[in-house]
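User: I have a model to go through with you. Can we take it piece by piece?

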Amino acid sequence: MSFDLNYKCWIAATKDIGQLIKKQNRLKLINPPEEKAISFKIFSELYVLYVELVNKLSFIYFNTFQVQKRQVVKTLIDNATQQLVLLKDELKEIELSEYIYIDKVLISRKLTPRDLMIWRSPQFLYRRPLDIQNILTENKLYMNNEEKEEMDAKSWSKVTEAIELIQAHERARRARVYKSNLKYDKKKFLEVHQRKKIHYRFTFKPNQAMSIPVKRTIFTADFIKSDVSCNDLRRRDENIEDAHDEYEMRRVYELRNEAASIIQSCWRDYKAKKINRIKQQFKKEMLGTKKLRKLKRPNQFENSVLEMYKNEKKKEQLDEEFAKLIMDERTRLLQMRTPWMMEDISDHIRGWFEEFYTKTLNFHPYPDPIKKGTVLVVLDETMTPLEFQETINKKPMTKEEKKKLLDKKRAEKRKIREKIKKKKIADAKRRKKLKDAGIIDVGYVLESSKPIAQIEATVKKFSIDWRNIDEYLNKNHDPIKSWVTEEQLVTIHQELRQLVDEYMRVEYELLRNALAIDQKVPYKPKNVKRAKPKKTKKKKKPVDPTEDRTLSSLYHELKDATVIEEVSHKNFDEFIADFNFLADDTRDDNNLTTVGPAKGDIKMVIQESMLGMSEFDIPKPKSILLVGPLNSGKKLLCNIIASELGICYFYKY
């Protein structure tokens with residue numbers, strides 16, 4: 001896909017997100033609608049909008065290669081899909097069913113139920129690591145274009161050989177059936193004897209009967225019609241032998257010539273029409289009014305999967321280059337900027353010491369590592385000189401005063417906690433009262449949704465960070481190096497500050513010791529509170545009996561043992577079913593559907609359960625239970641699910 005098309009889709013998607021956020025902000029302010037049908041309409045409209053948004057974002061994510069932008073799109077599509085699932089759950093609760101019908105919203109937006117399918121996007125399918133997929137595709141993933149063309153030619157040649165073999169066997173079968181119906185007579189040349197039953201079976205090998213007897217067609221050698229007008233043709237040989245009169249012989253030849261001329265004229269007419277049709281088709285293709293017919297290759301689906309993995313391989317290469325850029329930039333900054341940064345940090349801390357000493361003739365307590373160290377100085381979360389002076393001039397508090405102060409703080413926290421709790425209880429009671437009355441608080445559902453808040457924050461951050469970035473100048477998908485430099489400077493500064501804190505703490509204690517000597521006060525070193533390291537329990541490693549085996553050998557062993565079985569590729573289009581278009585119009589007084597689901601609705605529920613089989617943060621389905629009578633399509637659905645998800649088909653014995 002071209003870079004321009006992907007960029008235009010991204011602009012359209014950002015506009016849709018902006019309009020969707022505005023609509024949701026307006027809905028947050030409305031009063032809870034008393035009619036359930038209005039709530040259902042609001043949620044159904046939002047659901048359709050989120051389906052369209054997720055489809056666009058998944059298309060953009062699949063074709064976005066720039067690493068930093070791909071992270072932004074991934075965050076958006078994660079949260080949009082989570083909100084989509086939440087809206088679907090709300091609709092199911094209102095509908096009291098697994099099947100929802102929003103035909104009126106679809107008609108207003110000129111859509112069909114098939115437009116609500118979002119699982120077909122490649123990003124919503126589970127993708128294995130490249131090395132594992134390479135084993136399953138018989139080492140085709142790392143082929144170059146020439147090797148791939150050779151492999152395609154081999155697969156094509158196998159198909160042509162199979163077609164020729166089938167045609168040869170079919171011609172031989174027809175010949176044997178034809179011969180079994182003929183009986184040779186010397187006097188009357190060929191005489192056809194029809195049999196009601198022919199005891200003939202096609203065998204693949206000599207003396208090997210077929211597993212299923214096949215009903216064969218009985219061919220006849222008599223191609224002349226049984227009409228009265230064709231009696232002369234049927235008795236042509238007898239007529240020639242018995243015709244002593246020239247007039248009768250001439251009449252027989254005239255009939256033959258007339259028949260031959262009719263056959264020839266029909267054949268020429270058919271051939272001329274065929275040539276004319278080919279010329280018209282060529283003319284349309286040349287003028288561009290008709291697209292060229294593409295030949296459907298037998299490995300077309302496999303090639304599309306490999307093409308998807310080629311893109312994944314390119315993305316993985318870009319990720320590796322981005323990680324290498326981060327490491328190189330970090331190394332460069334450590335070599336070039338470390339001495340200056342450490343000197344700046346130490347000068348800043350010494351200036352802090354000097355400021356407090358000049359104003360208070362004392363030193364502020366050094367922040368502990370458990371409280372982020374001297375980062376508190378940068379954030380202005382330490383005491384000011386005046387506050388510190390007040391604490392010095394104060395008399396030391398007794399145990400009772402400390403206890404009272406602590407109790408006062410606890411009481412204030414308790415009051416705040418109880419106030420929040422009372423507010424939550426009041427909101428919960430209000431929502432329960434509304435729920436009992438059949439009213440849904442749409443504003444609360446949207447306001448309390450974390451995915452919506454995350455989408456808004458991501459869009460706002462993107463508009464600030466990317467406002468000066470021209471993406472048209474970066475068609476090679478190179479990462480933005482200035483952002484990498486800024487991020488690494490922040491991390492390196494935090495790491496170096498911890499190291500500088502350890503050195504400056506020693507200097508701080510030396511200053512306090514010198515001050516105590518000057519003031520003739522005993523020196524007491526302060527205890528440093530450090531974060532306790534987390535204790536990790538050592539788990540016993542389970543014994544792996546296949547430790548010395550490669551993954552490829554294990555896969556082929558299971559495949560040879562028929563534990564893993566290859567299935568033919570099938571898709572959901574082969575499961576012919578349609579939706580229930582009457583359910584939305586046949587609702588009762590409680591606005592509930594009175595007509596059961598159709599096969600298309602059942603198929604859509606199965607497709608939605610496959611939505612979680614992806615790399616995104618979506619609830620994953622644990623299992624699917626297919627129950628039904630014989631010959632209802634359960635095995636076909638299993639085959640379709642295996643083909644669509646590209647999964648291994650295991651048999652449990």
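Analyst: Helices here are DSSP runs of H or I with at least four residues, numbered from the N terminus. By that numbering, Tyr309 lies in helix 10, residues 300-360. Keep in mind that this is a predicted model.

User: Is Tyr309 buried or exposed?

Analyst: Tyr309 is buried, because its relative accessibility is 3% and the cut-off for buried is under 20%.

User: How far apart are the C-alpha atoms of Tyr309 and Asn134?

Analyst: They are separated by 9.4 Å. Along the chain, Tyr309 and Asn134 are 175 residues apart.

User: Zoom out. How many helices and strands does the protein have?

Analyst: The count is 19 helices and 4 strands.

User: And what share of the residues counts as buried?

Analyst: The protein has 653 residues, and 28% of them count as buried.

User: What about contacts at a separation of 6 or more: how many join residues 24 or more positions apart?

Analyst: Such pairs account for 73% of those contacts.

User: Which residues in helix 1 meet helix 2?

Analyst: From helix 1, they are Asn6, Cys9, Trp10, Ala13, Asp16, Ile17, Leu20, Lys23, Gln24 and Leu27. Helix 2 answers with Ile42, Glu45, Leu46, Leu49, Tyr50, Leu53, Lys56, Leu57, Phe59 and Ile60. The residues of this contact divide into 14 nonpolar, 2 polar and 4 charged.

User: Helix 1 and helix 15 pack too. What are the angle and the axis distance there?

Analyst: The angle is about 130°, and the axes are 11 Å apart. Helix 1 and helix 15 are therefore oblique to each other. Their crossing is left-handed.

User: Which residues meet between helix 1 and helix 15?

Analyst: Helix 1 brings Trp10, Ile17, Ile21, Gln24, Asn25 and Lys28. Helix 15 brings Ile452, Ile455, Glu456, Val459 and Phe462. That contact divides into 7 nonpolar, 2 polar and 2 charged residues.

User: Cys9 came up. How many disulfides does a search of the whole structure find?

Analyst: It finds 0 disulfides. Cys9 is partly exposed, at a relative accessible area of 22%. Cys638 is partly exposed as well, at 32%.

User: Backbone next. What is phi of His477 near?

Analyst: Phi of His477 is near 60°, a positive value in a residue other than glycine. Most residues other than glycine have a negative phi.

User: Where is His477 found?

Analyst: In the loop between helix 15 (450-465) and helix 16 (481-519). His477 is buried, with a relative accessible area of 15%.

User: And Lys520: what is its phi near?

Analyst: Phi of Lys520 is near 55°, again positive in a residue other than glycine. Lys520 sits in the loop between helix 16 and helix 17 (551-560).

User: Is Lys520 buried or exposed?

Analyst: Lys520 is exposed, with a relative accessible area of 77%.

User: Now Pro365. Where is its place?

Analyst: Pro365 is in the loop between helix 10 and helix 11 (375-378). Its relative accessibility is 28%, so Pro365 counts as partly exposed.

User: What does Pro365 touch, not counting residues up to four places away in sequence?

Analyst: Pro365 touches Trp352, Phe388, Tyr508 and Lys526. Take Tyr508: it is 143 residues from Pro365 in sequence, and 9.3 Å away C-alpha to C-alpha.

User: Where is Thr562?

Analyst: Thr562 is in the loop between helix 17 and strand 3 (564-565). At 43% relative accessibility, Thr562 counts as partly exposed.

User: Last one. Which residues of helix 18 are buried?

Analyst: Gly600, Asp601, Lys603, Met604, Ile606 and Gln607. Helix 18 covers residues 599-609. Its buried residues pack against helix 19 (634-645).

How values were computed
Residues are numbered from 1 along each chain as its sequence is written. This is a predicted model: local features need pLDDT of at least 70, side-chain atom pairs count only at pLDDT 80 or more; totals for chains, interfaces and linings use all residues. Side-chain values use heavy atoms; hydrogens and water are left out. A disulfide is a pair of cysteine sulfur atoms within 2.5 Å. Buried means under 20% relative accessible area, exposed over 50%, partly exposed in between (1.4 Å probe, protein chains only). Contact means heavy atoms within 4.5 Å. Helices (H or I, at least four residues) and strands (E, at least two) are DSSP runs, numbered from the N terminus. Ala, Val, Leu, Ile, Met, Phe, Trp, Tyr, Cys and Pro count as nonpolar, Asp, Glu, Lys and Arg as charged, and the others, Gly among them, as polar. Axes are lines fitted to C-alpha atoms, for helices over the stretch in contact, and angles run from 0 to 180 degrees between N-to-C directions. Angles under 35 degrees count as roughly parallel, over 145 as roughly antiparallel, 65 to 115 as roughly perpendicular and the rest as oblique. A crossing is left-handed if the near helix is turned anticlockwise from the far one by less than a right angle, and right-handed if clockwise.
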